[in-house]
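Trainee: I have this one open in the viewer. Can we go through it piece by piece?
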Amino acid sequence: MTRRRTSRLARVTAALAGAIVLIATYASPAQATIIACEWEKVSSWTNGFQIKVTLINNGIPVDGWTATWTWDDGTKVTNAWDAIVTQPGQSMSAGNQSYNGYVPSFGRVSFGFLATGVSDGHGGGLRVNGGPLLPC
């Protein structure tokens, strides 16, 4: 192979390798995060309330999500829908069900719950898939 042909082949190979790294970086599930949310108090009553949470994806598709937040007091979830909810102490975790884990670009997914307690807040926001704190 000539020196010129070897140099051209090296440049093409380097360009392809860079493109593959770029694609892998942006397609990585670790990079896929929900970037906005809505926290809506649907109703409330003495010592209880109902919340609807909507996760908004304006980025790349997300395949699987878990929202986490912290209660300000001893609030307890008593029922939930469209999410698998766990509550170790004041920490909350709501993960997708098998049917609503995929959120396409510019898509939304919602879940809701009933809770007992006086605080319908969520510690100033929630995190999705370990991403940044989302004010909602």
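Trainee: Which strand is Thr 54 in?
Mentor: Thr 54 belongs to strand E2, which covers residues 48-57. Keep in mind that this is a predicted model.
Trainee: Is Thr 54 buried or exposed?
Mentor: Thr 54 counts as buried, because its relative accessibility is 7% and the cut-off for buried is under 20%.
Trainee: What does the side chain of Thr 54 make a polar contact with?
Mentor: The partner is the side chain of Ser 110, at 2.8 Å.
Trainee: And which residues does Thr 54 touch, leaving out those up to four places away in sequence?
Mentor: Thr 54 touches Ala 36, Cys 37 and Glu 38, and also Arg 108, Val 109 and Ser 110.
Trainee: Cys 37 is on that list. What does a disulfide join Cys 37 to?
Mentor: Cys 37 is joined to Cys 136, with an S to S distance of 2.2 Å. The count of disulfides comes to one.
Trainee: What is the handedness of the link between Cys 37 and Cys 136?
Mentor: The link is left-handed, with -95° about the S-S bond.
Trainee: Where do Cys 37 and Cys 136 lie?
Mentor: Cys 37 is in strand E1 and Cys 136 is in the segment after E10, so the pair ties together parts that are 99 residues apart in sequence.
Trainee: How do the two cysteines compare on burial?
Mentor: Cys 37 counts as buried at 10% relative accessibility, whereas Cys 136 is partly exposed, with a relative accessible area of 25%.
Trainee: Switching to rings. How many aromatic pairs does the structure hold?
Mentor: There are nine aromatic pairs. One of them is Trp 39 with Phe 113: the ring centres are 5.9 Å apart and the planes stand at 65°, so this pair is edge-to-face.
Trainee: What about Trp 69 and Trp 71? Why is that pair edge-to-face?
Mentor: The planes of Trp 69 and Trp 71 are at 85° and the ring centres are 6.0 Å apart, so the pair is edge-to-face; the cut-off for that class is over 60 degrees. Trp 69 is buried with a relative accessible area of 4%, and Trp 71 is buried with 2%.
Trainee: Which residues form one aromatic cluster with those?
Mentor: The cluster is formed by Trp 39, Phe 49, Trp 65, Trp 69, Trp 71, Phe 111 and Phe 113.
Trainee: Back to Phe 113. What does Phe 113 touch?
Mentor: Leaving out residues up to four places away in sequence, the contacts of Phe 113 include Trp 39, Phe 49, Trp 69 and Trp 71 from the ring list, along with Ile 51, Val 53 and Val 77.
Trainee: And the largest nonpolar core, which members touch the most others?
Mentor: That core has 24 residues, and those touching the most other members are Leu 55, Trp 69, Phe 111, Phe 113 and Leu 126. The elements giving two or more residues to this core are E1, E2, strand E4 (66-70), strand E7 (91-95) and E9.
Trainee: What sheet are E4 and E7 part of?
Mentor: An open sheet of four strands in the order E6-E7-E4-E10, with antiparallel pairing. Its edge strands, each pairing on one side only, are E6 (84-86) and E10 (127-128).
Trainee: How many bridges join those strands?
Mentor: E4 and E7 pair over five bridges, and three bridges join E6 to E7. Thr 68 stands opposite Ser 93 in E7.
Trainee: What sits between E6 and E7?
Mentor: Their hairpin has four residues between the strands, and Gly 89 takes a positive phi near 70° there.

Definitions and conventions:
Residues numbered from 1 in each chain as written. Predicted model: local features only at pLDDT ≥ 70, side-chain atom pairs only at ≥ 80, totals over all residues. Heavy atoms only, no water. Phe/Tyr/Trp six-rings, centres within 6.5 Å; stacked < 30°, edge-to-face > 60°. Buried < 20%, exposed > 50% of the residue type's maximum accessible area, 1.4 Å probe, protein only. Polar contact = N/O pair within 3.5 Å; in protein donor to acceptor, adjacent residues only side chain to side chain. Contact = heavy atoms within 4.5 Å. Core = buried A, V, L, I, M, F, W, Y, C linked by side-chain atoms within 4.5 Å. Pairing = 2+ DSSP bridges. Disulfide = S-S within 2.5 Å.
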